[in-house]
Amino acid sequence: MTSLAKSLEDVLPKGERFTLANLQSIPKLSKPVVHQSERPHTVKTVHFIVLFHNQTPVLATEVYVYLTIAKTLKRTIYVSKVDTTGLTKVKVGSVVQRILEWLLEYPITQYLRDLKVKHTYKTVLKPHPSFTSPIQRALHILVERAKGEKDYGIPQIVESETYQVPPRFLSLANSDYETDLVLFTRAENQYLFPNSNKNNGKHILDDGALLKWWLKSINRSVKKSFRSSQKYLDILNSEPRQISRYFPEDDWNIGSIYYRPERAHELAVYNIPLLPDDPKGRFLEHLVVENRAKKVSLGQFWTELAIRQEFRLGRVVGLIGVTGTCNESASGPLSMLKWKDFENARKVFTETDYSDSSEVEAIYNKVVEYGVELQEMTGKQDKATTASITESHKRPVTDLGMLVKRKKPTTKQLS
Ligand SMILES: CC(C)(COP(=O)(O)OP(=O)(O)OC[C@H]1O[C@@H](n2cnc3c(N)ncnc32)[C@H](O)[C@@H]1OP(=O)(O)O)[C@@H](O)C(=O)NCCC(=O)NCCS
């Protein structure tokens, strides 16, 4: 695999034009994934990958990658969000599968090489009477500058988090360390594209179908990109028999990579990861607020988590975890952006009204303005293979040329 764009061409309909925005934040040091007293160095990177059909966004995937560096190195790949706009129909299951494979095979040495350390700035002022307003402070600075100190009041670097990755990790191949792939599945009308649920072409899977959809893609990606793996699925409040019915193959296990019976008595806070928008992390934060973080064991954590609202009311929330070692390929081109630029470019996608054609049409050029390099692709998959949404159950789909004010959503409100 040379690049994600090349790999995607094989699963996109033949002759059709697509574009890829493959955004990555510059790796930086962050808080550890799992709270630990010795605070291992942790490198965090976010990938935000968007597929366009012609110039219309189709699908976005957001994935966090953490490298925990202690005696050994561990990679945690957390798939946080996937969403479609419903503005143009492409079968996205195999696209997501290819994206996962690309991430799993991404060489970690690249993250380590691009690691940026954080500087702490401080404004050092001369002794002064206490300021009663920001204006008074600004005046003080201006007066000192007028006296001749032209850089007075400019924040200076007082501390640099100088961190040298131990050289032995800089030559690691993906097969030399452990990777955890984690995500939870919970159907929503939209995760990343506001008002996209109003688009008639959006196919919103319900909880059960979504879990099967994920397991199919993940199972295929794991077969392709993991060298060895253990695969876990848990659905809280479900009987083992019900859970195993979802297994895409027999080699899956019931359970979680964040629970081991022999560790049930240990404190949850030292075993459960704190990942963005993750129900486990939310509950952990709740325990901190309630001052119970140092009291709740891992076993008790899972029991209490199951009775939380988001896992009840008949919802099927799948907790998927795969652990093992991976293959490695060259990563190919991508747009690596500073955190601020990354956030701004991401916002172009996540702060657009996808039911408004003029807003959608502006996205492509806005993204280019933020310095994102867009990669052109031409689909190679035979139409016969791609067109598996049978005419009988196909709903009307609108493409960019046909963007019109839409009818009321026909899809069921899930949340
Ligand atoms: C999850 C999501 C991205 C999947 O998109 P999708 O369009 O259903 O995915 P696919 O293109 O892979 O299609 C899946 C199946 O639905 C069928 N399908 C797709 N569009 C269809 C339509 N309009 N009508 C009927 N069937 C359709 C496909 O043929 C495919 O069937 P198959 O498995 O038998 O081949 C989409 O449901 C979505 O955006 N949901 C909202 C956000 C969300 O819940 N994200 C999940 C976060 S965990």
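# Briefing: helix packing and loop residues in a predicted model

Helix 7 is among the elements that cover the buried residues of helix 8. The structure is a predicted model, and its protein chain contains 11 helices and 13 strands. Of the 415 residues in the protein chain, 36% count as buried. Among contacts in the protein chain with a separation of 6 or more, 77% are between residues 24 or more positions apart.

**Helix 8**

- L298, F301, W302 and L305 are the buried residues of helix 8.
- These residues lie on the same side of helix 8, because they cover an arc of only 95° around its axis.
- An α-helix has 3.6 residues a turn, so residues three or four places apart point the same way.

**Helix 7**

- Helix 7 spans residues 279-289, and its buried residues are K280, F283, L284 and L287.
- Seen down the axis of helix 7, these buried residues fall within an arc of 105°, so they line one face of the helix.
- The face turned away from that buried side carries E285 and V289, which are exposed.
- Helix 8 (298-306) is included in what covers the buried residues of helix 7, and helix 7 is in turn included in what covers those of helix 8.
- After helix 7 comes N291, with a positive phi near 65°.

**Helix 9: dimensions and faces**

- Helix 9 comprises 12 residues, 339-350, and reaches 16 Å from its first C-alpha to its last, close to the 16 Å expected at 1.5 Å a residue.
- Its buried residues include F342, A345, R346, V348 and F349.
- These five names share the same side of helix 9, because they cover an arc of only 145° around the axis.
- The other side of helix 9 has K340 and K347 as exposed residues.

**Helix 9 against helix 10**

- The axes of helix 9 and helix 10 are 10 Å apart, and the two helices pack at an angle of about 180°.
- Helix 9 and helix 10 are therefore roughly antiparallel to each other.
- By class, the contact between these helices has five nonpolar residues, one charged residue and no polar residues.
- On the helix 9 side, A345, V348 and F349 take part, and they meet I363, K366 and V367 of helix 10.
- A345, V348 and F349 are also among the buried residues of helix 9.

**L275, a buried loop residue**

- L275 is located in the loop between strand 10 (252-254) and helix 7.
- L275 counts as buried because it has 21 C-beta neighbours inside 10 Å, the cut-off being 20 or more.
- With neighbours within four places in sequence left aside, L275 is in contact with Y64, Y78 and G281.
- L275 and P32 are separated by 243 residues in sequence, and their C-alpha atoms are 9.9 Å apart in space.

**K126, an exposed loop residue**

- K126 belongs to the loop between strand 6 (119-122) and helix 4 (134-146).
- K126 is exposed, as 9 other C-beta atoms lie within 10 Å and the cut-off for exposed residues is 12 or fewer.
- The C-alpha atoms of K126 and Y152 are 9.3 Å apart, while the two residues are 26 apart in sequence.

**Loop asparagines with positive phi**

- Most residues other than glycine have a negative phi.
- N54, although not a glycine, has a positive phi of about 55°.
- N54 sits in the loop between strand 3 and strand 4, and it is partly exposed, with 14 other C-beta atoms within 10 Å.
- N195 is likewise not a glycine, and its phi is positive at about 65°.
- The loop between strand 8 (178-185) and helix 5 (207-225) holds N195, which is partly exposed, with 17 other C-beta atoms within 10 Å.

How values were computed: Residues numbered from 1 in each chain as written. Predicted model: local features only at pLDDT ≥ 70, side-chain atom pairs only at ≥ 80, totals over all residues. Helix = DSSP H or I, 4+ residues; strand = E, 2+ residues; numbered from the N terminus. Arc of directions from axis to C-beta. Contact = placed C-beta atoms within 7 Å. Expected span 1.5 Å × (residues − 1). Axes fitted to C-alpha atoms, helices over the stretch in contact; angles between N-to-C directions. Parallel < 35°, antiparallel > 145°, perpendicular 65-115°, else oblique. Nonpolar A, V, L, I, M, F, W, Y, C, P; charged D, E, K, R; others polar.
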